[in-house]
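Please open the model in your viewer and keep the sequence panel beside it. The tour moves from one selection to the next and says what is found at each stop.

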Amino acid sequence: MASRKRTNPAKGPLKKPQGEWRTHRVRGKHDAEEAGRARPRKNAAARSAPNSRSRTPLQKHVDFFDTDRDGKITLLETYQGLRRLGLGALRSALFGGVINAALGSPTSGTPSLTVDANHIEAGKHGSDTGVFDESGFFVKERFDRMLARYDGDGDGALDSEELARLFEGNRTDFLGHLGSMAEFRLLLTLAGEDRNGRKVLTRRRLEEFYDGSLFHQLADEVRARRADRRASLYATVRRSLEELY
């Protein structure tokens, strides 16, 4: 019987059967797919849901405007967010331009009109209340001190006069002072409640503003009001048609 010829390992590797190479290729593709699934998604923190524990309160505050959860807030997203909060088209365009112009470059580290939500703490300005610390976390003790100092009548809310004293008490620079006034006057427009013929920011609304949940709640309220108005309009038109016919 003829002996089988063996390949000398010193002269080179043994040639694998075709089937074994095919199995190797399939296994390699499978391993690559598994590695891809295990790899963390880019901007995973930016794509986290509102109020996610991975976000600071200051980040949650601006995440409302980041509709595609890519960590970047464009002029259009700011405009659309302000519209969802109930502002008209003209004021949304005006405030949107000012907000992105003020925060785009500091948060992006380069001249930009797009806000980087992941570095929003870099957009903190002078003359602010100090309720957010340098990392963007809400400091409850500072919040309580602010209300105790500026809520002159002790009604648990700040009206326009008390807000004016707050602006003056925290003033350290001109531009930051203007920024604080603009922010709180906009907040008073969006979240102010009528009390005895004057608009006030209640303690509850202010705390929701600082913990990052306010804008989502306001948008829900605006959406409900718009739905009620549409329903009322529909009912009015329907009654008119019924009376006509």
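Contact here means heavy atoms within 4.5 Å, and helices (H or I, at least four residues) and strands (E, at least two) are DSSP runs, numbered from the N terminus. This is a predicted model, in which local features need pLDDT of at least 70 and side-chain atom pairs count only at pLDDT 80 or more, while totals for chains, interfaces and linings use all residues. Residues are numbered from 1 along each chain as its sequence is written, and side-chain values use heavy atoms, with hydrogens and water left out.

Next, select α7, residues 174-191, together with α8, residues 203-211. Show the side chains of Phe184, Leu187 and Ala191 in α7, which meet Arg205, Leu206, Phe209 and Tyr210 in α8. The residues of this contact divide into six nonpolar, no polar and one charged (Ala, Val, Leu, Ile, Met, Phe, Trp, Tyr, Cys and Pro count as nonpolar, Asp, Glu, Lys and Arg as charged, and the others, Gly among them, as polar).

Across the protein, buried residues make up 33% of the 245 residues.

Finally, go to the start of α7 and select aspartate 173 and glycine 176, where a side-chain oxygen of the aspartate reaches to within 3.0 Å of the backbone nitrogen of the glycine.

Methods:
Axes fitted to C-alpha atoms, helices over the stretch in contact; angles between N-to-C directions. Polar contact = N/O pair within 3.5 Å; in protein donor to acceptor, adjacent residues only side chain to side chain. Buried < 20%, exposed > 50% of the residue type's maximum accessible area, 1.4 Å probe, protein only.
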